[in-house]
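The sequence and structure come first.

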Amino acid sequence: MDAPDPQHRVTVVVATRNRREELVAHLGRHEGPVIVVDNASTDGTVEAVHAAHPRVRVVPLPRNVGAVARTVGVRLARTPYVAFADDDSWWAPGALVRAAAVFDAHPRLGLLAGSIAVGPEERPDPLNAVLAASPLGIPTGCPGPALLGFVGCGAIVRRSAFLEAGGFDDVVRFPGEEERLALDLFDAGWRLSYVPEIRAHHHPSPRRETGDRRQRELVRSRLLTALMRRPWRVVAHELRCALRAGRTGRRGLLGALPRVPAALRARRRVSPTTEAALALLHAPADPTPNAPTPTEDSP
């Protein structure tokens, strides 16, 4: 692959698995260097990208590692900032140049969440309004409302901050992998902020998980994240919520069990400052921070 043009300061990292058609169709929309990390696809994705987009760097992985594929891409990036995209999403023209300028102007900004337009109709993702109304306000060092959550395909990171926070881990994997990273970035003093003028487009793939499967996997992810970073009372709350969720919740708990030892090994409670910020994000009746369900469907 050719060396990146010095004018490009943002690399786009796309993690994918078995979505050859969508990926090939949308890769040409990205501006700047692109790294595709393939999660052991079996549909000829790697060969198709090489044929259709020979200048795109493709990294084939021998097995599906979920969201960790994004971390692989970030490590390989040679720019100070990295934008995430799914195989069915892309950033609007000029968005990455504007994002780099925002990062340059805010040296403690670790993650920027852009607005998301969904489908050919360009419908605003409901998450946009949630992020805009963040009760954390706009503190010093933030170009917009402060956050403690984000959606992968709508996020751009400062590479050094992302790697300092450990990137996406192999405990949660996907979906719901964003929460632990957001907690660790915030806990380390990095700012996370919503900047709506920087826009991502998302045309959800028809090859998506069923609603029931996604819900049980989110149950699994919330429990594992709580085990890694939250007080035991929050872990107990997640357990109770899962048990009350019927079959979906119970299957989510079963899915979490094999990863519990790894979660406990990685356990490190966030600071009281981060816990206080989390408390601001939730109604008194719900002490546990559950991120809104996005439209994103990544590998």
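Asp88 has a relative accessible area of 0% and is therefore buried; buried stands for under 20% relative accessible area, exposed for over 50%, and partly exposed for values in between (1.4 Å probe, protein chains only). The model is predicted, so local features need pLDDT of at least 70 and side-chain atom pairs count only at pLDDT 80 or more, while totals for chains, interfaces and linings use all residues. Residues are numbered from 1 along each chain as its sequence is written, and side-chain values use heavy atoms, with hydrogens and water left out.

**Salt bridges**

A salt bridge is counted when a side-chain nitrogen of Lys or Arg is within 4 Å of a carboxyl oxygen of Asp or Glu. There are 15 salt bridges by this rule.

| Pair | N to O distance |
|---|---|
| Arg19 and Asp88 | 3.8 Å |
| Arg222 and Glu238 | 3.9 Å |
| Arg230 and Glu275 | 2.7 Å |

Arg19 and Asp88 are joined by a salt bridge between their side chains. Arg19 lies in the loop between β1 (10–16) and α1 (20–27), and Asp88 in the loop between β4 (81–85) and β5 (89–91), 69 residues apart. Helices (H or I, at least four residues) and strands (E, at least two) are DSSP runs, numbered from the N terminus. Arg19 is buried too, at 6% relative accessibility.

Glu238 has Arg222 as a salt-bridge partner. This pair links helix α9 (residues 232–244), which holds Glu238, with helix α8 (residues 211–229), which holds Arg222, and the two residues are 16 residues apart. Glu238 is buried, with a relative accessible area of 7%.

A further salt bridge joins Arg230 to Glu275. Because Arg230 sits in the loop between α8 and α9 and Glu275 in helix α12 (residues 272–280), the pair ties together parts 45 residues apart in sequence. Arg230 is buried at 2% relative accessible area, and Glu275 is buried at 12%.

**Helix α7**

Salt bridges also form a network that links Asp169, Arg180, Asp184, Asp187, Arg229 and Arg268. Among the buried residues of α7 are Arg180 and Asp184. Their cover, counted by contact (heavy atoms within 4.5 Å), includes β6 (109–118), α6 (159–164), β9 (191–202), α8 and α12 for the buried residues of α7. Just after α7, Gly189 has a positive phi of about 95 degrees.
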